Amino acid sequence: MYFNETICGWGDWGKVFQSRAAFAPLVKAVCEREGLPFEPFLNCTPGTNAVFEAGGRIIKVFAPLESGLNTLPDYQSETFGMQRAEKLGLHAARLLAAGELQDRYLFRYLIMQKLPGKSFAQAKKQMDAHRKQEAGKQLRRITDRMNTPCAPWGEPVDVRERALWGERWAPFSESFNRERRAFTKTLSLENPVYVHGDLNEDNLLVDEKGQIAVIDFADSLIAPVCYEQALIASELFQFERPFLSGYFGDCRPEELAELCLSGLLLHDFGGDILRTRLGGIETLHSLDDLRKRLRRRFSEGLK
């Protein structure tokens, strides 16, 4: 047995998932199985799973079912996303190995290439307006290639049903949620495409030449393209004009507001994004309130 800790719920997993000592025998066994050298490893940014860096590689061990979380969909989506990105010729982390090891618990794992570069959050601090616009254009080229029709994989996600009853909308007023659900039921889900689903500042890397790479495909799914673009506009670009003009071109605030409205109402993280980026949700009583606030933010950003 390689892993000797007891996992019985999320609290137990939270205590050990960053422990290199606890995972060293398991990581060594995985490397030997995949024909890769076992090297000293470091912790990566804490998240849901156990993620380590060793010898220019990232090793991700997914939380077992005993943690209380079913990570199989994330494993399937991330594996599929990296394989698809490579086929499309996108600049993304290359998948070196994927599999599962039955030990005390069933551990699924991925081994992937570690890409050079800073997070988008760090890189944008050194960008002037021109470079921000160019970054927006580059990302649009990436997403235009990525957001294309795709056969389903793994466990299907009912985007509309999940949006209707998502827990992230619970803090909003009853009147807002009532109108939100009614409107969400009318949204068209025609022409769905593959979307990354979480293109935030931590899931894009920028190298010294300004080349953008995409990482972490765990939240990818089949959805309307507005699902992707709404998060990019509000969460990644945070309504900044140079980024918006580079990505969307000559687009009016009213058009961006409607795109963002539809995309965020469908998005699994939509409620959290609105709370973070727009604030004052206690005064959002209707979709018209939200439209006005989005238009104002885009108008300010595009000035």
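Predicted model: local features only at pLDDT ≥ 70, side-chain atom pairs only at ≥ 80, totals over all residues.

Student: What makes Phe 23 and Phe 107 an edge-to-face pair?

Tutor: Their centres are 6.5 Å apart and their planes stand at 75°, and since planes over 60 degrees apart count as edge-to-face, the name follows from the angle. The pair also links distant parts of the chain, for Phe 23 belongs to helix H2 and Phe 107 to strand E5, 84 residues apart. Both Phe 23 and Phe 107 are buried.

Student: Why is the pair of Tyr 105 and Phe 107 called edge-to-face?

Tutor: The ring centres of Tyr 105 and Phe 107 are 6.2 Å apart and the planes meet at 90°, so this pair is edge-to-face. Tyr 105 is buried, as is Phe 107. Tyr 105, Phe 107 and Phe 23 belong to one aromatic cluster, whose other members are Phe 3, Trp 13, Phe 17, Phe 38, Phe 41 and Phe 52.

Student: How do you know that the length of helix H2 agrees with what its residues should span?

Tutor: H2 runs over residues 20-33, and its 14 residues, at 1.5 Å a residue, should span 20 Å; because the C-alpha atoms at its ends are 19 Å apart, the two values agree. The helix does bend, by about 25° at Leu 26. Just after H2 comes Gly 35, with a positive phi of about 70°.

Student: Which residues of H2 are buried, and what do they pack against?

Tutor: The buried ones are Ala 22, Phe 23, Leu 26, Val 27, Ala 29, Val 30 and Cys 31. They pack against helix H1 (10-16) and against the strands E2 (50-54), E3 (57-61), E4 (95-102) and E5 (106-113).

Student: Why does Gln 238 count as partly exposed, and why does Phe 239 count as buried?

Tutor: Buried means under 20% relative accessible area and exposed means over 50%, with partly exposed in between. Gln 238 has a relative accessibility of 23%, so it counts as partly exposed, whereas Phe 239 has 4% and therefore counts as buried. Gln 238 is placed in the loop between helix H8 (225-236) and helix H9 (241-248), and Phe 239 is also in the loop between H8 and H9. Phi is positive in Gln 238, near 50°, although this residue is not glycine, and in Phe 239, likewise a residue other than glycine, phi is near 65°.

Student: What makes you say that Arg 84 lies over the face of Tyr 194?

Tutor: The charge must be within 6 Å of the ring centre and within 35 degrees of the ring normal. Arg 84 is at 4.4 Å from the ring centre of Tyr 194 and lies over its face. Arg 140 lies over the face of Tyr 247, at 4.9 Å from the ring centre.

Student: Finally, how do you know that the protein chain is as compact as a globular protein of its length?

Tutor: The chain holds 12 helices and 10 strands. Its radius of gyration is 20 Å, close to the 19 Å that the globule rule gives for 303 residues, so the chain is as compact as a globular protein of that length. Along its principal axes, the C-alpha trace spans about 60 × 45 × 35 Å, and buried residues make up 50% of the 303 residues.

Technical notes:
Residues numbered from 1 in each chain as written. Heavy atoms only, no water. Helix = DSSP H or I, 4+ residues; strand = E, 2+ residues; numbered from the N terminus. Expected span 1.5 Å × (residues − 1). Bend = angle between axes of the 7 residues up to and from the residue. Buried < 20%, exposed > 50% of the residue type's maximum accessible area, 1.4 Å probe, protein only. Contact = heavy atoms within 4.5 Å. Phe/Tyr/Trp six-rings, centres within 6.5 Å; stacked < 30°, edge-to-face > 60°. Rg over C-alpha atoms; globule rule 2.2 N^0.38 Å.
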